Amino acid sequence: MATTRCAPDHRPFATDPERHHELGTHAAWYVVAGIVTTGVQAVLFLLLRDRLGSQVANLVAIALTTVGNTEFHRRVTFAGRRSNAGKRHLQDLLTFAFYAGYGSAVLAILDAVVDRPTSWEETGTLLLSSLVGGFVRFAVLRWWVFAHGSEDAEQARTAHSG
C-alpha cells in the first residue's frame with residue numbers, strides 16, 4: 001500500500017485556503033484595532049488617573065474604548081460576516097465586564113506587590129494585561145460573535161459543489 005504522507009503537495013491538516021486567508025486578514029485588522037484602542041485607552045487612563053484614581057480611570061477608559069473597538073471589528077475586521085445585533089450587544093457588555101474585572105484585579109495585584117506604583121508602572125501593567133486579554137477576545141469575536149452560521153456553511157458547500 002502506497003502512502004502519500006511525504007508527498008510535497010500533501011497537507012496533513014488540510015484546510016480551506018479561503019478560510020486560512022480570512023483568519024490572517026481578521027488577525028491583522030484585529031491587531032491594528034487593538035494597538036489603536038489600547039493606545040487610546042492608555043492615554044485616557046493617564047489623563048484621568050490623578051483625578052479619579054487608578055481603578056475608576058481604568059473603568060472609564062475601558063468604557064469609552066470598548067464600544068468603538070467592537071464597532072470597528074463589526075465594520076472592518078469581520079466585515080461580510082453576519083452577526084446578531086443582540087449577540088453583539090451582549091458581547092460588548094461581556095467584553096467590558098471582562099476587561100473591567102481583569103484590569104481591576106491586575107491593578108489591585110500590582111498595588112499589593114508594589115508600594116505606591118507610579119502611573120507608568122500601572123499603565124505598563126494594564127498594557128501587558130490587555131495584550132493577554134486580547135487573545136481571548138479575538139477567539140470570542142471570531143468563533144462566537146462573528147462565527148460562520150449554518151446558512152453560511154450551506155452557501156459555501158453549494159458554491160464549491162456547483
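Q: Why does Val32 count as partly exposed?
A: In this predicted model, Val32 has 40% relative accessibility. Buried means under 20% and exposed means over 50%, so at 40% Val32 falls in between and counts as partly exposed.

Q: Which helix gives the largest share of the nonpolar patch?
A: Helix α1, residues 17–52, supplies four residues, the largest share.

Q: What makes Phe98 and Tyr99 an edge-to-face pair?
A: Two values decide this. A pair of aromatic rings is described by the distance of the centres and the angle of the planes. The centres of Phe98 and Tyr99 are 5.2 Å apart, and the cut-off for a pair is 6.5 Å. Their planes stand at 70°, and over 60 degrees counts as edge-to-face. The pair is therefore edge-to-face.

Q: Why is the pair of Phe98 and Tyr102 called stacked?
A: Here the ring centres are 5.3 Å apart and the planes are at 15°. Planes under 30 degrees apart count as stacked, so this pair is stacked. Phe98 and Tyr102 both lie in helix α3, residues 85–113, and are four residues apart, about one turn of the helix.

Q: How many aromatic pairs are there by this rule, and which residues form one aromatic cluster?
A: The count is two aromatic pairs. Phe98, Tyr99 and Tyr102 form one cluster.

Q: How do you know whether Tyr99 is buried or exposed?
A: The relative accessible area of Tyr99 is 13%. The limit for buried is under 20%, so Tyr99 is buried.

Q: Why do Phe98 and Tyr102 get the label partly exposed?
A: Phe98 has 34% relative accessibility, and Tyr102 has a relative accessible area of 24%.

Q: What does Tyr99 touch, leaving aside residues up to four places away in sequence?
A: Tyr99, in helix α3, touches Asn58, Ile62, Ser104, Ser130, Gly133, Gly134 and Arg137. The C-alpha atoms of Tyr99 and Leu126 are separated by 9.9 Å, and these residues are 27 apart along the chain.

Q: What makes α-α-α-α-α the pattern of this protein?
A: The secondary structure comes to five helices and zero strands, and reading along the sequence gives α-α-α-α-α.

Q: How much of the protein counts as buried, and what share of the accessible surface belongs to carbon and sulfur atoms?
A: Of the 162 residues, 31% count as buried. The accessible surface is about 10,500 Å², and 67% of that area belongs to carbon and sulfur atoms.

Q: Where is confidence lowest and where is it highest?
A: Helix α5, residues 150–161, has the lowest confidence, with a mean of 47, while α3 has the highest, at 85. The mean pLDDT of the protein is 75, and 70% of residues reach 70 or more.

Q: Why should some predicted coordinates not be read in detail?
A: Where pLDDT is low, the coordinates should not be read in detail. Over residues 1–17 the pLDDT is below 50, and over residues 150–161 it stays under 50.

Notes: Residues are numbered from 1 along each chain as its sequence is written. This is a predicted model: local features need pLDDT of at least 70, side-chain atom pairs count only at pLDDT 80 or more; totals for chains, interfaces and linings use all residues. Side-chain values use heavy atoms; hydrogens and water are left out. Helices (H or I, at least four residues) and strands (E, at least two) are DSSP runs, numbered from the N terminus. Buried means under 20% relative accessible area, exposed over 50%, partly exposed in between (1.4 Å probe, protein chains only). Rings of Phe, Tyr and Trp (its six-membered ring) pair if their centres lie within 6.5 Å; planes under 30 degrees apart count as stacked, over 60 as edge-to-face and the rest as tilted. pLDDT is the predictor's confidence in each residue, from 0 to 100. Contact means heavy atoms within 4.5 Å. Accessible areas come from the Shrake-Rupley method with a 1.4 Å probe; for residues, only the protein chains shown count as cover.
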